[in-house]
Amino acid sequence: MKKVIWLLGILLVMSCQKSEKIPADLARLYPLSINIKVENPMDVQRKDVLAELAIPDLRAKHSDFNPNAFVAFSDGTELPVQAIDLNGDDEPDEIGILMDMAPSETKSVDVRYAKTGDLMREYTKRTQAELSVKVGGKWKGRKYIGGHFENVKFLRVPPEHTDHSFYIRYEGPGWESDKVGYRFYLDWRNAIDIFGKKTHEMVLQNVGQDGFDSYHEMSDWGADIFKVGNSLGVGSIAMWENGKLTMVAETDSLTSQIVDNGPVYSRIRTNYFGWKTDKGKYDLTSDLSISAGKRLTCNTLTVSGNPDNLATGLVKHENTQYLQSNSDNGSNWQYIALWGKQSLMEDSLGIAVLYKKENLIGLQEDNTNYIVVLKPADGKLVYGLLAAWEKEPEGIRTMGAFREYLDGLVKKLDHPVKVSIL
């Protein structure tokens, strides 16, 4: 009898210790639990891993899971979380959990949730996406006169709009992590540009507010550091036709939408209707996404009409060294990159495009760009783009360090963390 009582006491203590890993007030708010296992298949430290789980998979085992009221804990530490909308219908499709992982670590994560309600906690904002247009003024020809900027979630681009219309703040949508910021021109140029950041804080909400192009001047937060001109910039979209590039310059219409703007993940969706090329017209959707702690932007493309290729690449600048991954190293993910004094401030900047070897048709170049020609699979294609500026906090300052960073990144892309629901 004493032995039974002793065992019950041990089990009670163990149970209490387990519950103490989650604060009692949160345990009451989020009474239901799902256990998640996350495995790092690599013998390297991985920082800011975004473990993603599809909500249908969660509900297959826990039918009452509520993506509007959940938290996550591991070893007594709360992890930043976010519900993620993948298709722009304002309904969450998956959840993301941000964590650091030791080499070869298997981490147990307790996802706690409430059956009903909207009860999400606030976390440090480490990503952002925004689109800001003028209201209260009027169009005069191709220029927008007067008004003030307001952020919008969705924009059908007016037919009057072109480059330097003074209608869209910094001329297009912007997105950033705590490492770097980007924008693309929502007009005939359709090229991706870089905001170099000297801070981990979110900055885009202030960019261009005190003058249309004041962001070209260095400030406390950083600046527009890249010259794009009539080029691919860093990872813009094009097609390789008859030995030349056709960028997404002429369309019947286009829309852009801020799909996600969260603490650990942000996403912009742009629809190009009737993209005119030598081979015909195509409807193209681009989803640009970034997660906390990352320089890498993922561009997920869906295209109609089964074109034989889509292309991307990097603008050629003087004083740069061309870098390319070793295509014989067994890695599916590959890269081309440029390193050198190519920023507008004449300091060191690395830029890169990352792509899957299985999609590669070939590498080309013209007078302005290094070009990657890729084959979509069933109308879909995914590639990555990034920039690394020497003046960002803990920035990459040498070509050797940049190459080491890229080689490590493609290995991580080849070996994503494994997430399972227990």
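Strands here are DSSP runs of E with at least two residues, numbered from the N terminus. With that in hand, here's a quick tour of this predicted model. Its largest pocket has a volume of about 1500 Å³, and strand 2 gives the most to the lining, with seven residues.

**The largest pocket**

- A total of 44 residues line the largest pocket, and the closest to its centre are Leu-50, Ser-291, Lys-294, Leu-296 and Leu-413.
- Several elements each supply at least two residues of this lining, among them strand 2 (46-54), strand 22 (280-291) and helix 4 (399-414).
- Sorted by class, the lining has 20 nonpolar, nine polar and 15 charged residues.

**The second largest pocket**

- Next comes a pocket with a volume of about 440 Å³.
- Of its 27 lining residues, Gln-82, Ala-83, Val-259, Asp-260 and Asn-261 are the closest to the centre.
- Strand 5 (81-84), strand 8 (127-130) and strand 20 (253-261) each put in at least two residues of the lining of this second largest pocket.
- Its lining splits into 13 nonpolar, four polar and 10 charged residues.

**Helix 4**

- Helix 4 is 16 residues long and reaches 23 Å from its first C-alpha to its last, close to the 22 Å expected at 1.5 Å a residue.
- Phe-402, Leu-406, Leu-409 and Val-410 are the buried residues of helix 4.
- Looking down the axis of helix 4, you'd find those buried residues within an arc of 95°, so they line one face of the helix.
- What covers the buried residues of helix 4 includes strand 25 (320-324), strand 26 (333-340), strand 27 and strand 30.

Conventions
Residues are numbered from 1 along each chain as its sequence is written. This is a predicted model: local features need pLDDT of at least 70, side-chain atom pairs count only at pLDDT 80 or more; totals for chains, interfaces and linings use all residues. Side-chain values use heavy atoms; hydrogens and water are left out. On a 1 Å grid over the protein atoms alone, a cavity is a set of points where a 1.4 Å probe fits but cannot get out, and a pocket is an open set with protein on both sides within 12 Å along at least five of seven lines; lining residues have an atom within 4 Å of a point. Grid points are joined across faces, edges and corners, and a volume is the space filled by probe spheres set on the points. Helices (H or I, at least four residues) and strands (E, at least two) are DSSP runs, numbered from the N terminus. Ala, Val, Leu, Ile, Met, Phe, Trp, Tyr, Cys and Pro count as nonpolar, Asp, Glu, Lys and Arg as charged, and the others, Gly among them, as polar. The expected span of a helix is 1.5 Å times one less than its number of residues. Buried means under 20% relative accessible area, exposed over 50%, partly exposed in between (1.4 Å probe, protein chains only). The arc is that of the directions from the helix axis to the C-beta atoms. Contact means heavy atoms within 4.5 Å.
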